[in-house]
Amino acid sequence: MKTGIRWLLRAVFLLVFLAACGTFIPRPLIAPVEAWSAAATHRILLLSGPIHTDIAIPLDEETRAAFSFLAETGFPLGHPDAEWLIIGWGGRAFYLETPSWSELKPLPVLRALTIDRSVLHVDLAGHITEPQPAVAAFDIGDDQMARLRDFISDSFVRDASVVAPIPDAGYGEIDRFFEAKGYFNALFGCNTWTAAALRSAGLQTGLWNPLPQSLRLSLGVYN
C-alpha cells in the first residue's frame, strides 16, 4: 500500500515538474529579432476556455483573400457583421460531439485521451470586448500575420487543392468543421496546435503547453 502511494506521489510530482518546465522554458529559446523590431500593425486574439483555445484574426480584406477557399464551401466569410475569423483545432470525436459540457459522452473522452483524427472549427465573431479574462491580445507585423495565415491554411486537409468540410457538422448556423492535418491526443492537443500557430507569428510560448492556463501564462511571461 505504501509503495503504491509513493509511486502515485512520484507520478504526480513528475507531471507537475513537466508542466512547469513546459510553461517556463521558452520556445523558441531566443526570441526572433523581428518579434521586437517589426511594426505591429495587426491585432490577434487568444480566446481561452477551461480546456480549449482558439485564435481570432481580424477579418480584413487580406484575411478574406487568404481564406477565400472557405467561401467556396459555403462558409459565410463575407458576413457584413463579422469582424473576426475564429479558428480552433481539436480531436474529431470530442469536438464534434461535445458542443457543451452537458452533452459530454464517454466515447469522445476516451478518444481524446488516446488518439483521434483532427478537425478544424471555423467561426465568425462581431465585436469582442477587451480586456476580459478569456481574451489575450497580441500585436504583430505584416510578415508575422502572413505566416500565421499560412500556418492555419496549411492545417486544412485538401483533396486536389479543395478543403474538406464535414457535412452537417457545426454548433450553430454560421460555424463549420473541416478535416484537418495531424492526430489529436491529450498530451499534444488543441492547445499545443494553438501554441505552434502563435510561434509561426513570431511569439514565444512555453516548450509544452497542453492546457490553456499554461499557454496563457507562458505567453504573458515571454511576450
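Q: Which residues of helix α7 are buried?
A: In this predicted model, helix α7 covers residues 142-154. An α-helix has 3.6 residues a turn, so residues three or four places apart point the same way. The buried residues of α7 are Q144, M145, L148, R149, I152 and S153.

Q: What distance does helix α7 reach from its first C-alpha to its last?
A: Helix α7 has 13 residues, and its expected span at 1.5 Å a residue is 18 Å. The distance in the model is close to that expectation, at 18 Å.

Q: How many helices and strands does the secondary structure of the protein come to?
A: The protein has 223 residues, of which 42% count as buried. Its secondary structure comes to nine helices and ten strands.

Q: What is the bridge partner of L46 in β3?
A: Strand β2 spans residues 42-48 and strand β3 spans residues 53-58. The two run antiparallel and are joined by four bridges. The partner of L46 in β3 is I55.

Q: How many bridges join β5 to β9?
A: Strand β5 pairs with β4 in the antiparallel sense over eight bridges, and W84 has A125 as its bridge partner there. Strands β5 and β9 also run antiparallel, and H121 has F177 as its bridge partner in β9. The number of bridges that join β5 to β9 is six.

Q: How many of the ten residues of β5 are buried?
A: A residue counts as buried when its relative accessible area is under 20%. Strand β5 is largely enclosed by the rest of the structure, because the buried residues among its ten number eight.

Q: How many aromatic pairs does a search of the whole structure find, and how far apart are the ring centres of W89 and F184?
A: The search finds eight aromatic pairs. The rings of W89 and F184 have their planes at 40 degrees, so this pair is tilted. The pair links distant parts of the chain, with W89 in strand β4 and F184 in strand β9, 95 residues apart. Both residues are buried, and their ring centres are 6.0 Å apart.

Q: Is F188 buried or exposed?
A: The rings of F188 and W208 have centres 6.4 Å apart and planes at 50 degrees, so they form a tilted pair. In this pair F188 lies in the loop between β9 and α8, and W208 lies in the loop between β10 and α9, 20 residues apart. With a relative accessible area of 51%, F188 is exposed.

Q: Which residue lies over the face of F69?
A: Ring pairs link F69 with F67, F156 and F178 into a cluster. At 4.5 Å from the ring centre of F69, the residue over its face is R158.

Q: What is the phi of D168?
A: D168 is found in the loop between β8 and β9. With a relative accessible area of 85%, D168 is exposed. Although D168 is not a glycine, its phi is positive, at about 55 degrees.

Technical notes: Residues numbered from 1 in each chain as written. Predicted model: local features only at pLDDT ≥ 70, side-chain atom pairs only at ≥ 80, totals over all residues. Heavy atoms only, no water. Pairing = 2+ DSSP bridges. Phe/Tyr/Trp six-rings, centres within 6.5 Å; stacked < 30°, edge-to-face > 60°. Buried < 20%, exposed > 50% of the residue type's maximum accessible area, 1.4 Å probe, protein only. Lys NZ or Arg CZ within 6 Å of the ring centre and 35° of its normal. Expected span 1.5 Å × (residues − 1).
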